[in-house]
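Work through the exercises below with the sequence and the model open. Try each task before reading its solution.

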Amino acid sequence: MIEQRAKSVINAVPGMPFSWSINPYRGCYHQCRFCYARRTHTFLEEDGVGRWGSRIYVKVNAPAVVRGEVARNRKIRHVAIGTATDPYQPLEGRYRVTRGILEALRDHGVSAGIITRSPLVVRDIDVLRVLARVAGASVSVSVATMDAALARDIEPTVAPPAQRMRAVRMLADAGITVHVALAPVLPQITDAPAQIDAVVRAAQEAGAARVWHNALNLHDITRDAFFGYLRERNPELIASYAALYRGRYAPQTVADEIDARVASARARFPAQPVERIRSCAPTQLSLV
Ligand code: SF4
């Protein structure tokens, strides 16, 4: 772990649904085998396959930097947090960088959309509830499969899927708009209709306002990391993955089939969007 004093923290993001992003850390303890953010390590000449989970940079001064940036640039009205790292990976328990950033955004009336695989996000429900009221806040909790053993294989140090769904329930009950990101969907590994149904149904039962998804893309060094996983755990799939992923994306027919399966699951287990900001009793922040 390396403490770092960042000069700037908010990134302008062209060509995406959001215009600004914040990544409180660089690197991620969770070491998901499919992680597309691994390539950001190579920008620092770090090994994005072997050291993605062990050389983690902590932007310790990020909350103060964010305060300055949003005060200076009034065009920043919304930021996406965690597009290239998990903002609630274990180091956040100690450093509270993400929490400090949320407090800065709250104080300046800037809305936030968080993406995480970690139930630790419920620690910050108190800040998120205020931010939701003053500017807007939403959380996407990523769950690739409800199969705990498979999840351990592909997301080795992330909390089990059921625990993540409990976090979804707690966020929803606290009045925070919460989505489940069924992401990424891995062809031939997590894309069976029953597997997709299980995530969408669990999201519905947990009170998620929406389930969104995307299919695996194997860009750059993510390909090395993912084929390493296949060699270790699913060698019988190497040939078919090599055929499917001649480029960064699987063929359109595969993506279309995944879209259709998710659409079918959503139709059978529809989310119930609810504007939940309400003055409810304090939520018990238990992760167990
Ligand atoms: S939690 Fe997200 S950023 Fe971290 S390794 Fe997994 S996919 Fe990558």
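A residue is buried if 20 or more other C-beta atoms lie within 10 Å of its own, exposed if 12 or fewer, and partly exposed in between, with C-beta atoms placed from the backbone. Helices (H or I, at least four residues) and strands (E, at least two) are DSSP runs, numbered from the N terminus. The model is predicted: local features need pLDDT of at least 70, side-chain atom pairs count only at pLDDT 80 or more, and totals for chains, interfaces and linings use all residues. Residues are numbered from 1 along each chain as its sequence is written.

**Exercise 1. Find which residues of α11 are exposed on the face turned away from its buried side.**

Step 1. Helix α11 covers residues 252-268. The expected span of a helix is 1.5 Å times one less than its number of residues. For the 17 residues of α11 this gives 24 Å, and the end C-alpha atoms are 24 Å apart, which agrees.

Step 2. List the buried residues of α11: I258, R261, V262, A265 and R266. They cover an arc of only 135° around the axis (the arc of the directions from the helix axis to the C-beta atoms), which puts them on the same side of α11.

Step 3. On the face turned away from that buried side, the exposed residues are Q252, T253, D256, A260, A267 and R268.

**Exercise 2. Trace the chain from β9 to β10 and state the handedness of the crossover.**

Step 1. Two strands pair if DSSP finds at least two bridges between them. Strands β9 (residues 177-185) and β10 (residues 210-215) run parallel and are joined by five bridges. L182 has H213 in β10 as its bridge partner.

Step 2. Between these strands the chain passes through helix α8 (residues 193-206), and this β-α-β crossover is right-handed. That term applies if, with the strands pointing away from the viewer, the path from the first strand over the helix to the second runs clockwise.

Step 3. Now look at α8. Its buried residues are Q195, I196, V199, V200, A202, A203 and A206. Seen down the axis of α8, these fall within an arc of 160°, so they line one face of the helix. A194 and E205 are exposed on the face turned away from the buried side.

**Exercise 3. Decide whether R210 and L218 are buried, exposed or partly exposed.**

Step 1. R210 lies in strand β10. Around R210 there are 15 other C-beta atoms within 10 Å, so R210 is partly exposed.

Step 2. L218 is in the loop between β10 and α9 (221-233). With 21 other C-beta atoms within 10 Å, L218 is buried.

**Exercise 4. Give the strand order of the open sheet of three strands and name its edge strands.**

Step 1. The order is β1-β5-β4, with mixed pairing.

Step 2. β1 (2-4) and β4 (25-26) each pair on one side only, so they are the edge strands. Step 3. β1 and β5 (residues 57-59) pair in the parallel sense over three bridges. Within this pair, Q4 has K59 in β5 as its bridge partner.

**Exercise 5. Name the residues around the ligand and sort them by class.**

Step 1. A residue counts here if its C-beta atom, placed from the backbone, lies within 6 Å of the molecule. The residues are C28, H30, Q31, C32, C35, A37, T85, D86, R117 and E155.

Step 2. Ala, Val, Leu, Ile, Met, Phe, Trp, Tyr, Cys and Pro count as nonpolar, Asp, Glu, Lys and Arg as charged, and the others, Gly among them, as polar. The shell has four nonpolar, three polar and three charged residues.
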